[in-house]
Amino acid sequence: MSPPVLAEVRRGGAVESVHRGAVVAVDAAGRVLAACGDPALRAFARSALKPVQALPLVADGGMARFELTRSELAVICASHAGEAMHVAAVRSILRKVDLDERALQCGGHWPLHQPTAEAMRARGEAPSPLHDNCSGKHAGMLALARLHGWDPATYRRLDHPVQQRIREAVVALTGSPEAVAAPQTDGCGVPTYHLALLDLAAAFARLAAPEVLSPPWGDAARCVVGAMTAFPEMVGGTGRLDTVLMGVGEGHLVVKGGAEAIAAVAAPSRRVGMALKIEDGSARAVAPVLIEALRQLALLSEDDVRILAPLHRPAVLDRQGTRVGEIVPVLRLARV
């Protein structure tokens, strides 16, 4: 059976395309609270897992050892836009662990923040690994290697102690050893995991309810959530979905998306986690579906949704910039 349609792309009043997938909300015990589609749908967590990947550095004492700030921890959890504030934070982390950008093995690309990219082109500057949206995560992994005296040159390998420690965090937060059973390689070159959507949602529910976690994961989760909610601009950047949603949520939501249209949310005030996957990997459907699901779960108010209207029902434009349609979320969450 095909997954349900979560969003329709309408041109005028006619449906032109559809996006299928699944959304699930769970509590900190991993019980499904509401769903549309199959909660057991498996998908690569990609960058949605970054808050979990950051946990070992915090749990093992890296924040105090290297005098890392909360804004630097937020960029370790980020898919950042390559703005000056992000580059400066990543550079600071590397300096504190006595490394530089040459140690980063994330590759590199132009900043996702177009004004920054355009300014760099005008100055004749090329992007460096610091501008890569995953450079914060990689800096955090290098810091973990430095903390324990592990070889920083091979930190990306699945058998490296950094990645093994991250595997332990993934199992602890999902509650499922199967979550790490089929690792593959993410776009930035480190392992990524093929999770059941409900396990990803459960991991975020436990970020939202850290008291259910055994030491040292609970305190680390509390620290990660605090950093992300205090510095949402470091998690994404200007105009980025994660940052915008956390800003509207005013500290009540932790939002982290990933490539191929996956996203996860923690709601500390409700001790709830949610995850979604758009089957075809289309990023254009993520914001409408995510906002609508949060509305149906009462994790966003109607006033919040009105503020988010351009993202909730984004316009389809012709080449002259005239609105000729819209993307409409049509999912209906079924309460369990």
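**Close-up views of a predicted model**

**View 1. Arg46 sits in a loop with a positive phi.** Look for Arg46 in the loop that runs between strand E4 (42-44) and helix H1 (50-53); helices (H or I, at least four residues) and strands (E, at least two) are DSSP runs, numbered from the N terminus. Arg46 isn't a glycine, yet its phi is positive, at about 45 degrees. This is a predicted model, where local features need pLDDT of at least 70, side-chain atom pairs count only at pLDDT 80 or more, and totals for chains, interfaces and linings use all residues. Residues are numbered from 1 along each chain as its sequence is written, and side-chain values use heavy atoms, with hydrogens and water left out.

**View 2. Ala298 has a positive phi too.** Its phi is near 60 degrees, and Ala298 is not a glycine either. You'll find Ala298 in the loop between helix H13 (286-296) and helix H14 (302-307). At 56% relative accessibility, Ala298 counts as exposed (exposed is over 50%, buried under 20%, partly exposed in between; 1.4 Å probe, protein chains only).

**View 3. Pro215 and Pro216 are joined by a cis peptide bond.** Omega for this bond is near 0 degrees. Pro216 belongs to the loop between H9 and helix H10 (217-230).

**View 4. Here is the largest nonpolar core, with 113 residues.** Such a core is a set of buried Ala, Val, Leu, Ile, Met, Phe, Trp, Tyr and Cys residues joined through side-chain atoms within 4.5 Å. Val23, Leu55, Leu200, Met274, Leu290, Leu294 and Leu300 touch the most other members. Helix H9 (residues 197-208) supplies the largest share of this core, nine residues.

**View 5. Zooming in on Leu290 shows its contacts.** Setting aside neighbours within four places in sequence, Leu290 is in contact (heavy atoms within 4.5 Å) with Leu241, Leu245, Val255, Ala263, Val265, Met274 and Leu276.
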